[in-house]
Amino acid sequence: MVRSDKDNNEGANGARPKSKSTAHLIGGFCGGLTSAVALQPLDLLKTRIQQEQNQLRSDTGKKGIKGVKRPGVASMVVKIVRENPLELWRGTLPSALRTSIGSALYLSCLNSMRTQAALMHARRTGDAIQVSRSSKLPELSAGTNLVAGAVARGLVGYVTMPITIIKVRYESTLYNYTSLKEAITDIYRADKISGFFKGFGATCLRDAPYAGLYVLLYEKAKDITPVLLPSRLISYQDNDTRSKYSTGTSTLINTFSAFSAAGIATTITAPFDTLKTRMQLEPSRFANFIVTFKYMLQKEGVLSLFSGLSMRLTRKAFSAGIAWGIYEELIKRFM
């Protein structure tokens with residue numbers, strides 16, 4: 001892999017790499033907000049499909065469900081559009097708040113951790129901090145990327161958990177809330193403060209490994225993608241030095257890398273998403289991760305753990321592509 005010497009931020013001279021927190025906050029917020037609003041219908045469809053499948057199993061039992069048609073994406077879209085097309089964006093406010101704020105906090109936290117790790121490595125070895133041709137972010141080992149992504153996501157996930165609970169409940173038809181205030185009041189009345197953190201264990205078990213795998217795969221994909229792209233799509237800021245890709249090429253590489261990494265990481269961690277959603281929709285019935293996992297495995301089978309995967313896979317892949325594509329380009333402007 002070719003690296004740019006002019007973009008090595010720390011070497012023998014000991015200069016610190018640029019790491020403006022504001023740039024990462026703004027980049028993360030804008031990327032998260034854009035992806036949340038654009039892809040909210042997919043998130044709502046995933047929740048509704050999982051919910052209807054749960055109700056179907058409860059009504060028919062495990063033995064009778066084989067002959068019953070399960071709700072599909074197309075039928076669910078038609079059903080919602082006939083009632084009210086704007087219903088597809090139900091829950092956009094809590095989703096946008098959670099995603100934009102969560103993305104800003106996560107990417108700032110992740111950058112801080114990765115920058116410190118890069119500095120420690122540079123001081124220990126005397127090597128310069130390396131960045132790729134398409135990015136301003138430091139290049140680290142696979143293990144460091146894995147740990148940094150997982151820890152940062154776990155911390156931020158806990159902080160934003162109440163918004164996640166409100167979002168899931170508000171999207172669901174099990175509660176039919178007419179306002180966010182009603183949702184908040186009902187959750188607090190039923191479970192007090194702990195109600196806003198229901199399912200955090202399953203959420204953390206899903207999000208932390210997902211984030212770790214995602215960062216690892218994303219950084220690897222940024223090295224591999226330029227090799228796979230047709231040469232006519234590769235252009236440089238300076239054709240003489242070829243130290244940095246042009247904005248168009250960088251955006252293409254970063255977006256495709258994010259899309260691919262998110263798709264793989266999402267598939268691997270899909271069961272945790274299903275468990276988390278079940279616990280948040282029916283907290284009185286599914287009190288913890290172990291109880292929920294045993295019930296679904298014994299009563300519904302292994303495939304039930306991948307309920308809603310197509311919706312989540314599509315949403316996460318496009319969300320990562322949009323959010324990280326915007327984030328990478330914005331921090332170049334601010335840093």
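Predicted model: local features only at pLDDT ≥ 70, side-chain atom pairs only at ≥ 80, totals over all residues.

**Stop 1: H7 and H10**

Select residues 200-228, which form helix H7, and residues 309-334, which form helix H10. Their axes sit 13 Å apart and the helices pack at an angle of about 55°.

Now show side chains. On H7, pick Arg-206, Tyr-210, Tyr-214, Tyr-218 and Lys-222; on H10, pick Arg-312, Lys-316, Ala-320, Trp-324 and Glu-328. Those residues make the contact. Colour them by class and you get five nonpolar and five charged residues, with no polar ones.

**Stop 2: H5 and H8**

Next, select helix H5 (161-171) and helix H8 (247-281). The axes of H5 and H8 come within 10 Å and cross at roughly 75°. With 65 to 115 degrees counting as roughly perpendicular, H5 and H8 are therefore roughly perpendicular to each other.

Which residues make the contact? From H5, take Met-161, Thr-164, Ile-165, Val-168 and Arg-169; from H8, take Lys-276, Gln-280 and Leu-281. By class, this contact has four nonpolar, two polar and two charged residues.

**Stop 3: the largest cavity**

How many cavities of 30 Å³ or more does a search of the whole structure find? There are five, and the largest has a volume of about 660 Å³.

To find the largest cavity, centre on Arg-98, Thr-99, Arg-153, Arg-315 and Lys-316, which lie nearest its centre among the 34 lining residues. Several helices give two or more residues to the lining, including H1 (21-64), H3 (92-125) and H4 (142-159). H10 gives the most, with seven residues. The lining's classes come to 10 nonpolar, 12 polar and 12 charged residues.

**Stop 4: the largest pocket**

Last, select Ala-118, His-121, Glu-139, Leu-140 and Ser-141. Of the 14 residues lining the largest pocket, these lie nearest its centre. The pocket holds about 260 Å³ of space. Highlight H3 here, as the largest share of the lining, five residues, comes from this helix. Coloured by class, the lining shows six nonpolar, four polar and four charged residues.

Terms used
Residues numbered from 1 in each chain as written. Heavy atoms only, no water. Axes fitted to C-alpha atoms, helices over the stretch in contact; angles between N-to-C directions. Helix = DSSP H or I, 4+ residues; strand = E, 2+ residues; numbered from the N terminus. Contact = heavy atoms within 4.5 Å. Nonpolar A, V, L, I, M, F, W, Y, C, P; charged D, E, K, R; others polar. 1 Å grid on protein atoms, 1.4 Å probe; cavity = no way out; pocket = protein on both sides within 12 Å on 5 of 7 lines; lining within 4 Å. Points joined across faces, edges and corners; volume = space filled by probe spheres on them. Parallel < 35°, antiparallel > 145°, perpendicular 65-115°, else oblique.
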